[in-house]
Amino acid sequence: VGLLAGISEIAEQSRTGLLLIPLAPYGTADPDLVAVSVEAVRQAVVDGVIAYCVDPDHPARQVVRDRGLPLVSTIQEPQDSKRVLIDEIGSARRVGKLIRKLGHRRVGIILDTGSPAGQVEAITPDREPGLYAEARLRLQGFREGLGRGVDVVVLTGGHNDAHSGRDAAAELLDSSDRPTALLSASDVIALGVLQALEQRRLVPGRDISVTGFDDLPAAEPAGLTTVRQPIRERGRLLGRMLLDPSYTETEVVLPTEL
């Protein structure tokens, strides 16, 4: 929502309309649903495209290129001419270092994928079911920050939804060797993790450490440790890259704050 607010601010200034096209996640959804969403991109009456959280291998990207439409993106992908990024790995690395500094040696990491909410699966180097590009980079950063000598277990509970975080956290919290810290790839997931703790009468920050990512408005009242990214400004810059001929930057990396 914050990103869309930034984009719409710039679109309004240039008297440009916005069309939102949701895409079925490639690789995990019904192939027929993917085909329908790709066809929507093919038939859309648009002059340019902003790709938000669309993986490099999603066939909708190739449709945009085949149509010769200007494309700006939120991920690092060589074929995109323009992009607005954050340092995903470096931001997550700071979280991992904090958790390591606090003395944790068994850590759970919960990521979002394209699977339905509540579908809990293990993530291993050999098996990354539907893992998004951003989640993959954040996982790398978490691991780098935690360093060696830390026992790490990685799960997904499905797409970016509080239910996904709650269900994945439940599996970790109910295990015989419960982690002492749970790192989440988003605040939405982390808020679900907090629900799972509350159900078990565990106190975050005392019984178990919990972190998120994004700094959504709900993070502060929840007392959540998180990574703040300037999401509205990211939307403004995406809009300017696409719509403002005087804006010549082709790649911007925005700062984050732990």
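Residues are numbered from 1 along each chain as its sequence is written, and side-chain values use heavy atoms, with hydrogens and water left out. Because the model is predicted, local features need pLDDT of at least 70 and side-chain atom pairs count only at pLDDT 80 or more, whereas totals for chains, interfaces and linings use all residues.

Helices (H or I, at least four residues) and strands (E, at least two) are DSSP runs, numbered from the N terminus. The expected span of a helix is 1.5 Å times one less than its number of residues. Helix H4 covers residues 88-101; its 14 residues reach 20 Å from the first C-alpha to the last, close to the 20 Å expected. Helix H6, residues 162-173, has 12 residues and reaches 16 Å between its end C-alpha atoms, close to the expected 16 Å.

A residue is called buried under 20% relative accessible area, exposed over 50% and partly exposed in between, with a 1.4 Å probe and protein chains only. The buried residues of H4 are Glu 88, Ile 89, Gly 90, Ser 91, Ala 92, Val 95, Gly 96 and Ile 99. They pack against E3, E4, H5, E7, E8 and helix H8 (231-243), where contact means heavy atoms within 4.5 Å. Just after H4, Gly 103 takes a positive phi of about 100°.

In H6 the buried residues are Ser 164, Gly 165, Ala 168, Ala 169, Ala 170, Leu 172 and Leu 173. Their packing partners are strand E4 (106-111), strand E6 (151-156), strand E7 (181-184) and helix H7 (187-199). The N-terminal end of H6 is capped by Asp 161, which places a side-chain oxygen 2.7 Å from the backbone nitrogen of His 163.

## The second largest pocket

On a 1 Å grid over the protein atoms alone, a pocket is an open set of points with protein on both sides within 12 Å along at least five of seven lines, in contrast to a cavity, where a 1.4 Å probe fits but cannot get out; lining residues have an atom within 4 Å of a point. Grid points are joined across faces, edges and corners, and a volume is the space filled by probe spheres set on the points.

The second largest pocket holds about 230 Å³ of space. Its lining has 15 residues, and Ile 75, Gln 76, Leu 85, Glu 88 and Leu 137 lie nearest the centre. Strand E3 (82-86), helix H5 (133-146) and strand E9 (251-254) each supply at least two lining residues, and H5 gives the most, with 4 residues. By class, the lining divides into 7 nonpolar, 2 polar and 6 charged residues. In this scheme Ala, Val, Leu, Ile, Met, Phe, Trp, Tyr, Cys and Pro count as nonpolar, Asp, Glu, Lys and Arg as charged, and the others, Gly among them, as polar.

## Individual residues

The table gives the accessibility of selected residues.

| Residue | Relative accessible area | State |
|---|---|---|
| Glu 134 | 10% | buried |
| Ser 37 | 6% | buried |
| Val 34 | 7% | buried |
| Thr 256 | 17% | buried |
| Arg 15 | 81% | exposed |
| Arg 201 | 77% | exposed |

Glu 134 is found in helix H5. Leaving aside neighbours within four places in sequence, Glu 134 is in contact with Cys 53, Asp 55, Thr 74, Ile 75 and Glu 88.

With residues up to four places away in sequence not counted, Ser 37 touches Ile 21, Pro 22, Leu 23 and Ala 24. Val 34 and Arg 61 are 27 residues apart in sequence and 12 Å apart in space, C-alpha to C-alpha.

Thr 256 is found in the segment after E9. A polar contact is a pair of N or O atoms within 3.5 Å; within protein, one must be able to donate a hydrogen and the other to accept it, and residues adjacent in sequence count only if both atoms are side-chain atoms. The side chain of Thr 256 makes such a contact with the side chain of Ser 91 at 2.7 Å, and another with that of Arg 94 at 2.5 Å. Beyond its neighbours within four places in sequence, Thr 256 is in contact with Ile 86, Ser 91, Arg 94, Val 227, Arg 228 and Gln 229.

Arg 15 is not a glycine, yet has a positive phi of about 55°; its place is in the loop between helix H1 (2-13) and H2. Arg 201, also not a glycine, has a positive phi of about 55° and belongs to the loop between H7 and strand E8 (209-211).
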